[in-house]
Every structure is written in structure tokens, then in C-alpha cells.
Amino acid sequence: MSTGRRVDGSTRHGNVCRIVQSGPYCKGYDGGGIDASCNDRVVDSVIGIKSDMGVGGAFLGGGLEPRLFKALLTMDPYVRVGDGTEAVRGIQRWLNGRYAGRREFFVCPCDSRPPPHPR
């Protein structure tokens, strides 16, 4: 996918749609049936994932921009994990929402765990 392209309801590449349908399941969302269509269930999941990432205001709608498609393929969680705090998760979501549009920034996890301390 080239810069500026989105995966959404107009995407006709079946394998890309299957990936977008499968990715949400790995993150705990409903991706709908794996039938190569970007249907309403997929759109709802994408909107939910974007919200949990903190980028819902930066990337509107149910489509996936390339950097969000890439984030969907990682094992990064976008919900609170373990004994993490909502304060840390709020900071992670703020960072994503603030900087996700920058070319050099990649969407970070929003799992509420602080980053590891350098040794």
C-alpha cells in the first residue's frame, strides 16, 4: 500500500480485506466473518480500535490508513493490561492522537504499562 491509501469499504483486494477482518480478533474485537468484505462489523471494529488507540479524532471513519493497518498487524494491545493504570493509558492514547499524523511516529501500545526503564 502506498502512502495516502486507505483500506475501507471500497477496497477490492480480497486478501487485504481478510487481513483487516482477522486482525481485530487478535486484539479482542469482532471482525465479522472472514469473507473478504469490509462490512459494517469490520467498520465498527476499526472505529473501536481507533478509539482505543487514541487516534479516532486524527483518523476519522472506519477506514485504515497504512500506519494503522501496520499497527493492526502487531501484537500491541490497545486496552488496559494487568495492573496498569488508566493514567498511563491516557498518556499513551494522547501521544498517539497527538503524533500519529507525523511521518516518523508509529502508533504505540495503549496497554497502561509504563515503558521499561533503560539499564
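Select Tyr78 and display its surroundings: Tyr78 touches Lys27, Ile49, Asp52, Met53, Ala71, Arg89, Val107, Cys108, Pro109 and Cys110, with residues up to four places away in sequence not counted. Contact here means heavy atoms within 4.5 Å. The model is predicted: local features need pLDDT of at least 70, side-chain atom pairs count only at pLDDT 80 or more, and totals for chains, interfaces and linings use all residues. Residues are numbered from 1 along each chain as its sequence is written, and side-chain values use heavy atoms, with hydrogens and water left out.

Buried means under 20% relative accessible area, exposed over 50%, and partly exposed in between (1.4 Å probe, protein chains only). Helices (H or I, at least four residues) and strands (E, at least two) are DSSP runs, numbered from the N terminus. In soluble globular proteins, nonpolar side chains tend to be buried together.

**Arg89 and Ser112**

Next select Arg89, in helix α4 (residues 86–99). Arg89 has a relative accessible area of 10%, so it counts as buried. Beyond its neighbours within four places in sequence, Arg89 is in contact with Asp52, Tyr78, Val79, Arg80, Cys110 and Ser112.

From there go to Ser112, in the segment after α4. Ser112 is buried, at a relative accessible area of 1%. Check its backbone: phi of Ser112 is near 80°, a positive value in a residue other than glycine. Most residues other than glycine have a negative phi.

**α2 against α4**

Show α2 and α4 together. Their axes are 8 Å apart and the helices pack at an angle of about 110°. Axes are lines fitted to C-alpha atoms, for helices over the stretch in contact, and angles run from 0 to 180 degrees between N-to-C directions. α2 and α4 are therefore roughly perpendicular to each other. Angles under 35 degrees count as roughly parallel, over 145 as roughly antiparallel, 65 to 115 as roughly perpendicular and the rest as oblique. Ser51, Asp52 and Met53 of α2 meet Arg89, Arg93 and Asn96 of α4. By class, this contact has one nonpolar, two polar and three charged residues. Ala, Val, Leu, Ile, Met, Phe, Trp, Tyr, Cys and Pro count as nonpolar, Asp, Glu, Lys and Arg as charged, and the others, Gly among them, as polar.

**α1 against α2**

The axes of α1 and α2 come within 10 Å and cross at roughly 50°, which makes α1 oblique to α2. On the α1 side the contact is made by Val20, Gln21, Pro24 and Tyr25, and on the α2 side by Arg41, Val42, Ser45, Val46 and Ile49. These residues divide into six nonpolar, two polar and one charged.

**Two further stops**

Arg18 is found in helix α1 and is partly exposed, with a relative accessible area of 35%. Arg18 touches Ile34 and Ala36, not counting residues up to four places away in sequence.

Finish at Ser10, in the segment before α1. Ser10 is exposed, with a relative accessible area of 52%. Draw a distance to Gly63: the two C-alpha atoms are separated by 9.5 Å, with the residues 53 apart along the chain.
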